[in-house]
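The structure comes first, followed by notes grouped by topic.

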Amino acid sequence: MADVKKFIFWIVSGLITVTVTVMWFLAVGKLDEERTQQTSLLNSQFSDMNSIKGVNESNHPNGNFEEGMEEIMNQVKMDIFKTWDSKYLNQKTAFNWPTADGELDQVTANSFIPLTPIEMKVVASGVKANEKDETGVEVNRIARMNYADFVKSYMPKLSSEIDAAWGEPQNEDDGFGTGAGEVNGFGGDSAGGDGGTVAVQQEVASHMVIWEDNNQKALDARFTFTETPSTLQILYTQEDLWVLQQWLAIIKDLNKEAEAAYNAKVTEIIGIDLAKNGDTIGPSGVDLAKEAILSGGKVVAGDMGGMGGGDMGGMSDMMSQMAGTNSPEDGGNSGSNGGKDGQGNLVATDDPGDLRYVDAKYQPLQVVELRDALSTDPNKAKKANPELAISKRYPTRIRLKLDMRYLSQFLAACGNAELSIEVLQVRIGGESGINKGGGAGGGGMEGGMGGAMGGMEGGMGGMEGGMGGAMGGAMGGMEGGMGGAVVQAAEHPYHQEVEIYGIVHIYNPPNPFALGIDPEKESNENGGDPTNPDNQGVPAAVGAE
């Protein structure tokens, strides 16, 4: 026992050391286990967060968030649908077939009125019996001939509404290079010789608006059929007529307070271009506006690429991008088979609606895409582009002489018109007329909407020099016309040539399936009748109006 007491210190120290060592290892092991568990838990949380923001994750783990987003998206769809329905109903009032005295008889008009939307109900071969019918039957020949006879003689009546002559020489070069000399009686021939010429010039001068005869001839060709037109040709021609009437209605309203040409805001129509219709090509020159819009509003100046003098009068010498056809030099063809040519360019088919409209990027659109977008088949409609289902984009352009103090008023009238025109591009400046050889619109300011409006100050500031030049030219020409007895004064000092390119949105009947809305499901959830558009905004079934 004495020996044990002698070594007690060392024995206790050994036991304590062993105990502490064991406890240390146990503690370290437990801590290591907890560290591993916490690390795993944190990694799991990070993994879940990464899966939420991952592009391949369609369903978020947060059910409330998913339900909330679905509710918001459904509300957006419903708002779009109601706006679409409102635009369609408001625009319907602009599509009136001309049935007044001396126009179409009501029976003929009734043959065509129900055939809208065109791409849904009519194909190149005629009216479809149902959506799956691709053969079609033409409207009776008498009705089609009646329309052809009507539209051929309708243009003089339209021009009279803006107090413009139709079918009379209005802007032939008189040797002074002014383009309007003979209109005001200052042409070389008006001084003597043919009294009939003087009478015609005086009659033209009595009108408020001069309408370039080259553009009138182009429009006459567009609205004149050499043979009985097809149903589809008539429907697209009437659509062209509505757009033309809208341009003229804007001009008429702007000039409503004018007494004569001397105080008119619009004094000259150099040209009005309408969309492609069969072999008749449509407006070109949207490239500047297209680049500006697609680049987020950045204004980009550029070359119009051959926008020469005769281009505005129908552009018979230019195969434009909007036309969708290619010249033989480019290796193109007439496009009877549709699709693309050897160079990858779109080629029109025999359907007059092919490449007539443009898409959201202002590229010519094949009519088959419109037909698919307008389908009432829910499966097909869901796959189509909703933008195509909502409206067709109809490209058009006008060039006119306008009092620059009222340019903003003219542009506002385009947007507020019954058949509203979305202005995409404005160009200011250039020579008046298309017979001057210098290329109408070739000079002046180029660019998008911002460039044109920003350059108005410079255009107005340059008028003083223009007035001086006009006076000098007039004084120098006194020895010519009418024995030097008449001086050609500078008329309309604030007027400049303005070119406007725009898009007319032609709205189709609302189709909820194109927006991903199921009318039956909405009806059950909201307790309403899907055919009743007044019932809490529930979409009406397709075709129910």
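The count comes to one cavity of 30 Å³ or more in this predicted model. The points below start with that cavity, then turn to the cores and the charged pairs.

**Cavity**
- The largest cavity has a volume of about 30 Å³.
- Its lining is formed by Trp97, Thr116, Ile118, Leu235, Gln238 and Trp242.
- Helix α10 supplies the largest share of that lining, three residues.
- Four of the lining residues are nonpolar, two are polar and none is charged.

**Nonpolar cores**
- The largest nonpolar core has 81 residues, and those touching the most other members are Trp97, Trp211, Leu241, Leu244, Trp247, Ile272 and Phe410.
- Helix α10 (residues 231-254) gives this core its largest share, 13 residues.
- Another core, of five residues, lies apart from it and includes Tyr362, Leu424, Tyr501 and Ile503.
- Beyond its neighbours within four places in sequence, Leu241 contacts Tyr147, Phe150, Val151, Tyr154, Met155, Leu158 and Phe223.

**Salt bridges**
- The count comes to 16 salt bridges.
- Arg35 and Asp32 form one of 2.9 Å, N to O; they sit three residues apart in helix α2 (residues 8-53), so about one helical turn separates them.
- Glu499 and Arg399 pair at 2.6 Å, N to O. Glu499 is in strand β7 (residues 495-507) and Arg399 in strand β5 (residues 391-403), so the bridge ties together parts 100 residues apart in sequence.
- Glu499 is buried at 4% relative accessible area, and Arg399 is buried at 1%.
- Shared partners join Glu119, Arg222, Glu239, Asp240, Arg356 and Lys392 into one salt-bridge network.

Conventions: Residues numbered from 1 in each chain as written. Predicted model: local features only at pLDDT ≥ 70, side-chain atom pairs only at ≥ 80, totals over all residues. Heavy atoms only, no water. Core = buried A, V, L, I, M, F, W, Y, C linked by side-chain atoms within 4.5 Å. Buried < 20%, exposed > 50% of the residue type's maximum accessible area, 1.4 Å probe, protein only. Helix = DSSP H or I, 4+ residues; strand = E, 2+ residues; numbered from the N terminus. Contact = heavy atoms within 4.5 Å. 1 Å grid on protein atoms, 1.4 Å probe; cavity = no way out; pocket = protein on both sides within 12 Å on 5 of 7 lines; lining within 4 Å. Points joined across faces, edges and corners; volume = space filled by probe spheres on them. Nonpolar A, V, L, I, M, F, W, Y, C, P; charged D, E, K, R; others polar. Salt bridge = Lys/Arg side-chain N within 4 Å of Asp/Glu carboxyl O.
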